[in-house]
Amino acid sequence: MQFFLEVLLGGLLTGIMYSMVALGFVLIYKASGVFNFAQGAMVFFAALTAVGLHDLGLSLWLAIPLTMLVMIVLAMAIEKIVLRPLVNQPEITLFMVTIGLTFFIEGLAQAIWGASVRKLEMGIDDVPLEYLLDTLGIAISQFDLVAAGIAFVLVAGLAMFFSKTKVGRALRAVADDHQAALSIGIPLQQIWVIVWGVAGFVALVAGLLWGARNGVQFALTFVALKALPVLILGGFTSVPGAIVGGLIIGASEKIAEVYLGPYVGGGIEGWFPYVLALLFLLARPEGLFGEKIIRRI
Amino acid sequence: MFYREAGQFKATYAEDNQIFPIRQDRIGITLILLLAFLVIPLSASPYIFSAILIPFLIFSLAALGLNILTGYAGQLSLGTAAFMAVGAFASYNFMLRLEGIPVLLAFALSGCCAAAVGIVFGLPSLRIRGFYLAASTLATQFFIVWCLTKIGWFTNYSSSGVITAQQIVIFGYAFDTPAAKYLFVLSVVSIMALLAKNMVRSNTGRSWMAIRDMDMAAEVIGFRPMRTKLLAFAVSSFYCGVAGALYAYAYLGTVEPEGFSLEMSFRILFMVIIGGIGSILGSFLGSAFIVLLPTLLNVLFHFLETELHVELPSGISSSVELMVFGALIIFFLIVEPHGLARLWQIGKEKLRLWPFPH
């Protein structure tokens, strides 16, 4: 039982990390209807920039805001150069453009900072929390708990931002209906820059957390692939969906790997989340919290 | 002036329904086929065969398969490479386990295996659409590669998971030189492209397009969505499976399951998008573009380094190559979102008026 709890909690905490990446997808999809495949590359780029600046001798507290600035510039460039000429194109074209963007950003990140693995020290040790180990006998990494805390703050902050600020209300209006938002004077292009900037911020946080855990390396881009089943499970347009989906995927993938894996030769973490999400979609095609799909002729 | 169909009257239904109704197109396609079958085999070097022409043809076939599914039937798929893997490993096993099976039969059977897998993984498309479907086809990609890696039987218990393709022998003639392999691939691809061209003009193709444009309306007017969608998955996977078999037998010779990665699926999707969604010609144009681009970039960087002495720090050039590749894809999508096939169409309309545009 203790072992099960340990696996479950470990999975849930990993799931939170998945949610962070999925969150970036959801923000952009909600506001601009673009399925942004480049989110993984943005995570990689942000983490690498922050670590690179840190390695140049800047303190981490200076490097992070500077990286944020870079991400905002990137968001502006993407809006101006890529998205604006492609207004009104079919979704698949926009999707392909973001795959092109993925290649570009990955290349850019490595051209500037090199392709080697960099270590990121955040000052939090990845060791089991002693208190829990002593009282309950469950080994839960201190680092995972901090990451979960940061994720919680981030989501709460985003929720506040979306519901309480003027920009947040404008964002929701754009997400609901582009044309109606335009007609009441919401500057669509500015909103897109903001959304991509916020997604860049989320990518930065996710990148720092994943980077501190696994080292900042190219493999970070694969984390984005894990965010896709989270997305389809939770629904493309729902922020709570990304969180809940992440928790479900994280927990079930760890449990499946530990209890099911040995029977089939292991390594099922790679595809199990997809199959799970697929089976789930068969019952509910719009995901957990996605908008109900109403189709007319 | 030269590309004008004035004066070409169609007096019978057969004439009206032929594949290339315009005489200039017929002449053009004949010339291209003559060039491909006669001139190129006599003139090209082995390097060009094995590094450019053979991969170009094989990826054209895979892109054609994906184009049937995505372009004609409207089902976005990110699992193309997995179907190719099924084709490659199935034909390996057929040749290995059935003594003396003809190569072409093995390829056809491996295509059928891929089609069967395609039908199974196409089942969700009956309920899921759009990006949800695209993301769930990733399940195909990861699951199949995992299966091929983990289940030793598929790779004949080779310890590294790498299989070595047998020789292609038809009627005692071994296709072992690059030129012979090229001709073999070219024949298979031409015949399958012809079949595809006819398929999309037929009732089947029209039902796919109806489903693509609006599946509910298509259902109302009497197309059966289950049959149509699954048929699209089956035919598409068949094409991809044969392409995978050719990839293993005529191009690489040795393949491993990890070689059929997600990146390859994306590359094939790029070919379809850049070439033109819903166009047979587009599959070939897109494949030419994506296969040639890295080669050209390589040559360019080599030229920069040797002739102009622009020293790039080591490791940078591959990153820059990636950047240029991404930037070119973005550029092409912005300039012509409907793909290269659309450019050709515009060119034809211009040619029709040329040189008297008024």
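Reader: What pattern does chain A follow, read along the sequence?

Author: This is a predicted model, and in it chain A holds twelve helices and zero strands. With helices and no strands to list, reading along the sequence of chain A gives the pattern α-α-α-α-α-α-α-α-α-α-α-α.

Reader: Why can chain A be called as compact as a globular protein of its length?

Author: The C-alpha trace of chain A spans about 60 × 55 × 35 Å along its principal axes. For 297 residues the globule rule gives 19 Å, and the radius of gyration of chain A is close to that, so the chain is as compact as a globular protein of that length, with a value of 19 Å.

Reader: What share of the residues of chain A count as buried?

Author: A residue counts as buried when 20 or more other C-beta atoms lie within 10 Å of its own. Applied to the 297 residues of chain A, this gives a buried share of 46%.

Reader: How far apart are the end C-alpha atoms of helix α1 of chain A, and what span should its residues give?

Author: Helix α1(A) covers residues 2-32, and at 1.5 Å a residue its 31 residues should span 45 Å. The helix does bend, by about 25° at Val21(A). Even so, the expected span agrees with the distance between the end C-alpha atoms, which is 45 Å.

Reader: Is α1(A) largely enclosed by the rest of the structure or largely open, and how many of its residues are buried?

Author: Just after this helix, Gly33(A) takes a positive phi of about 70°. Within α1(A) itself, which has 31 residues, the helix is largely enclosed by the rest of the structure, because the number of buried residues is 22.

Reader: Which element gives the most to the side of chain A that touches chain B?

Author: In the contact between the chains, 39 residues of chain A meet 35 residues of chain B. The elements of chain A that give two or more residues to this side are α4 (91-113), α10 (220-234) and α12 (272-283). By class, the side has 27 nonpolar, ten polar and two charged residues. With 15 residues, the element that gives the most is α4(A).

Reader: At what angle do helices α12 and α14 of chain B pack?

Author: Two packed helices are described by the angle between their axes and the distance between the axes. Leu281(B), Gly282(B), Leu285(B), Gly286(B) and Phe289(B) in α12(B) meet Leu340(B), Ala341(B) and Trp344(B) in α14(B), a contact with six nonpolar, two polar and no charged residues. The axes of α12(B) and α14(B) lie 8 Å apart, and the angle is about 115°.

Definitions and conventions
Residues numbered from 1 in each chain as written. Chains lettered and ligands numbered in written order. Predicted model: local features only at pLDDT ≥ 70, side-chain atom pairs only at ≥ 80, totals over all residues. Contact = placed C-beta atoms within 7 Å. Helix = DSSP H or I, 4+ residues; strand = E, 2+ residues; numbered from the N terminus. Nonpolar A, V, L, I, M, F, W, Y, C, P; charged D, E, K, R; others polar. Axes fitted to C-alpha atoms, helices over the stretch in contact; angles between N-to-C directions. Expected span 1.5 Å × (residues − 1). Bend = angle between axes of the 7 residues up to and from the residue. Buried ≥ 20, exposed ≤ 12 C-beta atoms within 10 Å, placed from the backbone. Rg over C-alpha atoms; globule rule 2.2 N^0.38 Å.
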